Amino acid sequence: MIPFTKAHACGNDFLIVTEDDAQGHDRVELTRRLCARNTGLGADGVEFFRWTGLCASHITLHNADGSKAEISGNGTRCVAAWMALKMDARAGDVMRIETDAGLRVCRIDSVGAGGINTIEITTGMGVPTFGLRTVTLSDGSRIAGAEVSIGNPHFVIFVENADFAVEGRSWRDAGAEICGHSDFPRQTNVEFVRIVSKGEIEIRIFERGVGPTASSGTGTCAAAVAAIALNGCGAPLRVFAPGGAQTVEWGGPGAELNLTGPAAMVAWGEAW
């Protein structure tokens, strides 16, 4: 039996499994099996965890399809919340988490304010990089967007319609093709962004290794970077995804970006 914790951040759900408990299992196969929505526990990915010190850890993320990813902003926040509950942490305490994209420092803002086992966290997400890019799709459509790195790759597209369609195609359809486009040899996450005001945007997410998701922490950050740097929005910026809102603070090129949002525990248990 494999002990697990299930947690979510704005509907983006993850399983936390310690490296010790996963020992002897193929992580790709294990992730696919546990994340299966109908025959497994159901999740967007598994964070394989080990303690490295007091309030410190290392995590390795596998997406639902078993592929390895550098980082998930929401997954990291779920792990920080799980650590905080284990440590009986309070507001102001800090969790230091090593990811394959580098160290992420998570500050506990509040415990229990949003419900039982819900923790509000601000995570330092590093210094993003960005640039303009155009991708040509199989039907000849040229999609202009922004290529953004938050330690993992993103392609951000701005739309003006409420259904987030682009060039007559649904965001899901276009997102699937762009995600696996030859311009991105390691695939890319894709965000579709509608600007509501200078302080608020809405997004839809097609996530590499998962597909459409309710939320994404790094996707929220990437969308905010493109909106602030290239489209006249300001910080703090509220970013609304189907699963809920997160807040991005960013001072512009060369500055570290901070992401604030909730994470909540869903269940503890054991799986075959």
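Which backbone nitrogen does a side-chain oxygen of Asp26 reach at the start of α2?

1. The model is a predicted one. At the start of α2, the backbone nitrogen in question is that of Val28, with a side-chain oxygen of Asp26 within 3.1 Å of this atom.

2. Helix α2 spans residues 27-35, and its buried residues are Leu30, Thr31, Leu34 and Cys35. These residues lie on the same side of α2, because they cover an arc of only 115° around the axis. An α-helix has 3.6 residues a turn, so residues three or four places apart point the same way.

3. Several elements contribute to the cover over the buried residues of α2. They include the strands β1 (2-9), β2 (12-18), β3 (45-53), β4 (56-63) and β17 (257-271), together with α1 (19-22).

4. Strands β9 (residues 129-136) and β10 (residues 142-149) are paired in the antiparallel sense over eight bridges. Within this pairing, Leu132 has Ala146 of β10 as its bridge partner. Five residues separate the two strands of the hairpin, in which Gly140 adopts a positive phi near 90°.

5. On pairing with β11 (residues 153-159), β10 again runs in the antiparallel sense, here over four bridges. Val148 is placed opposite His154 of β11. This hairpin has three residues between its strands, and Gly151 in the turn shows a positive phi of about 90°.

6. Ala176 belongs to helix α4 (residues 171-179). Ala176 is partly exposed, at a relative accessible area of 39%. Its C-alpha atom is separated by 8.4 Å from that of Val190, 14 residues apart along the chain.

Terms used:
Residues are numbered from 1 along each chain as its sequence is written. This is a predicted model: local features need pLDDT of at least 70, side-chain atom pairs count only at pLDDT 80 or more; totals for chains, interfaces and linings use all residues. Side-chain values use heavy atoms; hydrogens and water are left out. Two strands pair if DSSP finds at least two bridges between them. Buried means under 20% relative accessible area, exposed over 50%, partly exposed in between (1.4 Å probe, protein chains only). The arc is that of the directions from the helix axis to the C-beta atoms. Contact means heavy atoms within 4.5 Å. A polar contact is a pair of N or O atoms within 3.5 Å; within protein, one must be able to donate a hydrogen and the other to accept it, and residues adjacent in sequence count only if both atoms are side-chain atoms.
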